[in-house]
Amino acid sequence: MKVYVNYNDNRWRKYKIDFNRIANAAAVNCANNAEVSIVLTNDAEIHRLNREYRKIDKPTNVLSFELGDDVLLGDIYISLDTVVRESGDEKISVADHAAHMVVHGMLHLQGYDHINDSDAKKMENKEVNILKKLNIKNPYVHDSGVCSDLSCCPGERFFAWFRRLKNLRLGRWRYLIMFILGGVAALGFAPLNWWWATLIAIAGAYALAVRNGDGGIWRTFLCVAPFGAAYAMAMFWWVLHSIYVVPELAAQFAVWTGPGILGIGIVGAIIFSVPFVAVARIRTASGARPFLFAAAWTLVLWLREWLFTGFPWNPIANIAMPWADLANSMSLWGALGLTFIIIGFVAALAELIGAWRKGSHWIVMGIFIALGVIGAVWGQHNIAQSQSGGHVEPVIRVVQPARSAAQKASHSREDAMRNAVANIRTLMDLAQAPGNPDLIVFPETSYPFVIVDGDTVPMADALDKDIILGATSYSGGQMFNSMIVASKTGDIQHVYSKSHLVPFGEYRPFGDLIPTPGQLTPGSGPVVISMDLGGRTFSFAPAICYEIIFSDSLIPDGALPDVIINITNDTWFGRTPGTYQHLDMVRRYAIESGLPIVRANYSGISAFVKPDGSILASIPIGQAGIADGTLSGAHMTVYRNIGRDGWMIIVLLFSIVCVYAFNIKSRD
C-alpha cells in the first residue's frame with residue numbers, strides 16, 4: 001500500500017515516526033494497490049475541519065475521511081497539539097500515541113467503527129493486535145480518550161450501517177445472500193412488477209461483488225455466480241411448465257425437469273455473472289465503476305440475442321413498464337439504452353451510499369438521473385405521436401379459442417381427426433360472432449392441418465373474409481412454423497415462416513443429445529406483407545411467437561408498415577409469469593418500433609397494443625372470445641433509425657469516455 005505523508009506542521013518532523021510502516025501494518029482489508037494520505041497538522045486546522053464536517057466546535061486528535069474507493073482509501077488528519085497533550089495525560093510517548101491515531105484512522109477508512117459497544121470492542125481488539133505487532137502496548141489499559149465523542153469520523157453515525165455491511169466478513173454466507181438477491185431481482189417483472197425489489201437486489205449484489213473482488217477471477221465468479229443462477233431460475237422456471245401440459249409429454253420429458261432447472265441455473269450463473277466479475281476485477285476508480293457495470297450488463301443483454309437463436313427475455317428496461325413516460329424512452333434508445341441507465345443508476349446509488357462525501361459519486365448519480373429525465377421527456381413526445389399518428393381503417397378481429405394443449409393433442413388417427421374437427425368448429429363459431437371485420441386473425445398453430453404447396457384454406461371461403469392463421473407448413477421436404485395469409489376465396493396469398501425457433505422446443509441445438517418435440521426449419525427473416533382489404537392497401541410485419549422479443553428482428557430497414565401482427569401460443573405456460581412477461585415484451589417492441597401491434601394468442605393474452613405500449617383491448621388468459629379493433633399512430637422512432645447495434649456502440653463509447661474521465665479525475 002502507498003502512504004503519502006503531508007507535513008502541514010513541521011514540528012512533527014522531529015519525532016522521526018515511520019508512518020508508512022504503521023499504516024501498512026493497519027492495512028488489514030486493503031488491496032495491494034491501495035493508497036492513503038496522512039496529513040500531520042495541528043489543533044488550529046483540525047479544529048476548523050471538525051467544526052465544518054462534524055459541527056463540533058473544538059479540536060480533536062484524529063479525523064478520518066473515507067472516500068469509499070478500493071484504491072483511494074481516504075485521508076487521515078492528526079493534530080500534534082492534541083496528541084502531545086493526551087500523551088502527557090496518559091504518560092505514554094508521542095510516537096506511540098501517534099501510531100495509535102494512525103491505526104485508529106486506518107481502521108475507520110476500512111469500515112470499522114465504534115458506534116455501539118459491540119463494534120467498539122471489535123475495533124479496540126483490532127487496534128490492540130496491530131499495535132502489539134508494532135511493539136506498542138495496549139492503549140486501552142487506561143482511558144486514552146481516543147475519539148470517545150465520535151469526532152474523529154465525520155458522517156459516522158449516518159452511514160456506519162452501510163460500511164458495516166460493505167466490510168462484513170460474510171464467509172460462506174455470502175453465497176446464500178447472493179442466491180437470495182438473485183431470486184428477489186426477478187420480482188420486478190410482470191405480473192408482480194415489484195421494480196423496487198429488482199433495484200435493491202442488484203444494488204446489494206453490486207456492493208457485495210465490489211467488496212469481495214480481491215480473491216482472483218475464479219473466486220470472484222464463485223461469489224457472484226449464485227446471483228446469476230437464482231436470477232435465471234426465478235426468471236425462466238415457467239419454461240419447464242410446458243412439460244406437464246400434456247400427460248403423454250410429461251411421461252416422456254418429466255425426467256428432464258431437474259436437469260432443465262440446473263441447466264437454466266448454470267447458464268444464468270455464467271451470463272449474469274459477467275457484469276459483476278467485470279466491475280469487481282477491473283481496477284478502476286469508484287466513480288467509473290457504475291459506467292463499467294452498466295455497460296457490461298447491457299453488453300450481456302445484447303449478446304443474449306445471439307446465443308442459439310437467442311433469448312433476450314426481460315431486459316431490465318421492462319421493470320419501467322408501470323411508468324409510461326420512462327418506458328416510452330425506449331422509442332429513443334431502446335431496451336438496451338434504458339437498461340444501461342437503470343443499471344448505472346443502481347450502481348451509482350450504491351457507490352453514493354458507500355461514500356456520500358465523494359463529489360464524483362454525486363456527479364455520476366447526476367449523469368444517470370439526467371439521462372433518465374431526458375428519456376422521460378422524449379417518452380412524452382412518443383406518447384403524443386402515438387395518439388396523433390395516421391389511422392388504420394380496416395377493422396381487425398382477433399380470435400382466441402382458449403383450447404388447452406391436451407385438447408389439441410392426438411393419440412391416434414381417429415383422435416386426430418376428431419380433435420381437428422372440434423378445433424375448426426371452435427374457431428369458426430368464434431369468428432362468426434356479430435360484427436363486420438375486414439380481417440380475421442387466428443393464433444399460432446390454430447389450423448390443425450399441414451399446409452402444402454397448392455393448398456387452399458376452406459375456412460376463409462366459408463367465412464367470406466380475408467384471414468391470417470398459424471399452421472405447420474411443408475415445402476421442399478422441410479417443416480415450418482408458419483403464418484398463412486389467405487384471401488376470402490381461400491387462396492393462399494402469403495406464407496411467412498418463423499425464423500427465430502425455440503431451442504429444445506422447435507429444434508435440437510445439441511443434435512439428438514437432448515430429446516426435442518419437433519425439428520423445424522427456420523424461415524428467411526423479416527418481410528412486410530401487403531393486402532388489399534376492401535380496396536384499401538393494408539401492410540403489416542408478421543411475427544410468430546417469441547420473435548417479437550428480438551429488437552430489429554421483424555421489420556426490414558426503412559420500412560413503415562401499418563401494424564405488426566403477432567400470432568402466438570402461450571397455452572404451454574398457462575397462468576405462469578411467462579405469459580404476462582410475453583405481453584410486456586410485445587408492449588416494449590411497440591414502443592421501440594413506433595408501430596401498433598395486433599396480438600392473437602391461443603389461450604391468452606390476446607391484445608391490441610398502441611405504439612406507446614398501452615393496451616387498447618385484450619382477452620384474458622384461458623378465456624375464449626374475440627376482440628375487434630382498429631389501430632393508429634404508426635411512426636418512425638429514433639431507436640429504429642439508429643438500431644440495436646448502433647445503440648450498443650453508442651453505449652460502449654459513452655462508457656469508455658466516462659470511465660476514462662473519472663479515472664483521470666480520481667488520479668488528480
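User: Which residues touch the most other members of the largest nonpolar core?

Analyst: In general, a nonpolar core is a set of buried Ala, Val, Leu, Ile, Met, Phe, Trp, Tyr and Cys residues joined through side-chain atoms within 4.5 Å. Buried is under 20% relative accessible area, exposed is over 50%, and partly exposed lies in between (1.4 Å probe, protein chains only). Here the largest core has 124 residues, and Phe227, Tyr231, Phe540, Ile564 and Ile565 touch the most other members. Helix H14 (residues 330–354) gives the most to this core, with 15 residues. Then there's a second, separate core of 33 residues, with Ala26, Met101, Leu109 and Met123 among them.

One thing to keep in mind: this is a predicted model, where local features need pLDDT of at least 70 and side-chain atom pairs count only at pLDDT 80 or more, while totals for chains, interfaces and linings use all residues. Residues are numbered from 1 along each chain as its sequence is written, and side-chain values use heavy atoms, with hydrogens and water left out.

User: What is Phe227 in contact with, beyond its neighbours within four places in sequence?

Analyst: Contact means heavy atoms within 4.5 Å. On that basis Phe227 reaches Met178, Phe179, Leu181, Gly182, Ala185, Ala201, Ile202, Ala205, Phe276 and Trp297.

User: Now the sheets. In what order do the six strands come?

Analyst: Two strands pair if DSSP finds at least two bridges between them. The order is S12-S13-S14-S15-S16-S17, an open sheet with mixed pairing. Its edge strands, S12 (529–533) and S17 (615–619), each pair on one side only. From one strand to the next, the twist averages 20°. S14 (residues 563–568) and S15 (residues 597–601) run parallel, joined by five bridges; Ile565 stands opposite Val598, and Thr568 opposite Asn601. Helix H19 (residues 577–593) packs on this sheet, touching S14, S15, S16 (606–609) and S17, and its direction makes about 160° with that of S15.

User: Why is S15 largely enclosed by the rest of the structure?

Analyst: Because five of its five residues are buried. Ile597, Arg599 and Asn601 cover one side, and Val598 and Ala600 the other.

User: And how many strands form the S1-S2-S4-S3 sheet?

Analyst: Four, in an open sheet with mixed pairing. S1 (2–7) and S3 (62–66) are its edge strands. S1 pairs with S2 (residues 35–41) in the parallel sense over six bridges, with Asn6 opposite Val39.

Technical notes. Helix = DSSP H or I, 4+ residues; strand = E, 2+ residues; numbered from the N terminus. Axes fitted to C-alpha atoms, helices over the stretch in contact; angles between N-to-C directions.
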